[in-house]
Amino acid sequence: MKYISTRGRAPELSFEEVMLTGLASDGGLYVPAELPVYSTEEIASWANLSYPELAFKIIAPFVDGAIPDADLKVIIDDAYADFRHPAVAPVVQLGHNEWLLELFHGPTLAFKDFALQLLGRLLDYVLIKRDQKVVIMGATSGDTGSAAIEGCRRCENIDIFILHPHQRVSDVQRKQMTSVISPKVHNIAVEGNFDDCQEMVKQSFADQSFLPEGRQLVAVNSINWARIMAQIVYYFYAGLSVGAPHRKVSFSVPTGNFGDIYAGYLAKQMGLPVEQLVIATNRNDILHRFMSSNHYEKQQLEHTLSPSMDIMVSSNFERALFECHERDAAAVDSFMARSRSESLSIDDASFTRLREHFDSYAVSDQVTVDTIAQVFDESEYLLDPHSAIGVKAARECWRDRSVPMITLATAHPAKFPEAIIKSGQENEPALPHHMADLFEREERYTVLPKDLPQIQAFIDAQVVR
Ligand SMILES: *Cc1c(COP(=O)(O)O)cnc(C)c1O
């Protein structure tokens, strides 16, 4: 399978190359040149597969022989072996026809483990085969950093550097990242905000000359295609659990960068009968505003109780624009070039195509905590704030109550105690057993000023030769 850029001016790449690249050289994002499409009978035949077995079915065509099937199976089994629930992605009932897909049973308690546990192992396999060493550099506002570190901590050929804003991530999030002690794992606490971290990572990808000879940077944010690929699996798994493909299903997805919900859109294109895909956002609602009015306009970043969705622009949205413009890369290229400076609209036909697939809803902090309280009152189920936004949006946008509605529960409530206390709970939610000692673990991180040359010099000095 070949991968093409959404802006049409970068070379086609193989799976292996796409995984080792960040942005395409034309600034675009890579997508598969074509998708495999499955019949109802074929999807129905997967109904009894375990999560790793299903993952192999979905993922193998995208990897397309870059890794022999037997090895790919081992990698996938291993990636999901550490999840603390035997179903890996259990579907639990919240109300009549209303379901939650629990995606927080991985090692760092958020859905990003689904992609990053796999990505770390895929990278390690490919790098050993190529006898190549790389450097991962990423910025995090919390969840990506810990999931990436957990996914890559045992990789032989990867040094990983994660930048987080000093004193602006939650204690649980920081501890999860900084208590992984390894000569190849480096946490940099930057004296600045998340945007500063992100910007320095971007500049480092653009000019990698600070790295030791022969090393290149690899991206672990959701612009990396392999992350999206891994996320398609749980849409099929959840759909099959509630009766698809013999009935339709709908999904509500708490999203910021559009990565997770884009995977749901792909599952639909591949044959899963999806009725509705609901984009659930917090007050950083560029996606909801665009879906409501066909105006794409950046606004000031707001800090909310659901920090993992605090974004100003949505990087994967470009992949959706590519699809609704019927893969017209020139149209995407011109939109993205103009989006830096102005508020933008797309043509009516493309907008209509986009709206055929997506509904959207934005949820304030107050409504987020109200929803946590309401659901707890109904069923004693404690939602994390991101998942609460998903449930609220699902209830508001659900058109046909005979179609099961599945909300993606993206994090464990113990990761976000502030919202839980605000919802009226007396105590902070307990961490799961295997993490009960988190706050006693040794931490290691380096505080550095918001200064790119200093940060790059640190990376150069720390990379294991
Ligand atoms: C990252 C994250 C999201 C948003 O994911 P996208 O890739 O932006 O769709 C939602 N919830 C949690 C808990 C997250 O960590």
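Where does aspartate 310 lie? Aspartate 310 sits in the loop between α11 (286-293) and α12 (317-324); helices (H or I, at least four residues) and strands (E, at least two) are DSSP runs, numbered from the N terminus.

## Ground rules

This is a predicted model, where local features need pLDDT of at least 70, side-chain atom pairs count only at pLDDT 80 or more, and totals for chains, interfaces and linings use all residues. Residues are numbered from 1 along each chain as its sequence is written, and side-chain values use heavy atoms, with hydrogens and water left out.

## Back to aspartate 310

Aspartate 310 is buried but has no salt bridge. Buried means under 20% relative accessible area, exposed over 50%, and partly exposed in between (1.4 Å probe, protein chains only). A salt bridge puts a side-chain nitrogen of Lys or Arg within 4 Å of a carboxyl oxygen of Asp or Glu. The nearest side chain of opposite charge is arginine 283, 7.4 Å away; Lys and Arg count as positive and Asp and Glu as negative, while His and the chain ends are not counted.

What aspartate 310 does have is polar contacts: its side chain meets that of asparagine 284 at 2.9 Å and that of threonine 304 at 2.8 Å. Such a contact is a pair of N or O atoms within 3.5 Å; within protein, one must be able to donate a hydrogen and the other to accept it, and residues adjacent in sequence count only if both atoms are side-chain atoms.

## Around the ligand

Of the 15 residues around the ligand, Lys112, Asp143, Thr255, Asn257 and Thr410 come nearest (a residue is near if one of its heavy atoms lies within 4 Å). An N or O atom in the side chain of aspartate 143 is 2.5 Å from a ligand oxygen, and a backbone N or O atom of aspartate 260 is 3.1 Å from a ligand oxygen. On the threonine 410 side chain, an N or O atom is 2.9 Å from a ligand nitrogen. The protein covers 97% of the 390 Å² of accessible area that the ligand has on its own (Shrake-Rupley method, 1.4 Å probe).

## Salt bridges

The structure holds 25 salt bridges. In one of them, arginine 399 meets aspartate 359 at 3.1 Å, N to O. This pair links distant parts of the chain, 40 residues apart: arginine 399 is in the loop between α16 (385-397) and β12 (405-409), and aspartate 359 is in strand β11 (residues 358-362). Arginine 399 counts as exposed because its relative accessibility is 55%, whereas aspartate 359 is buried, at 12%.
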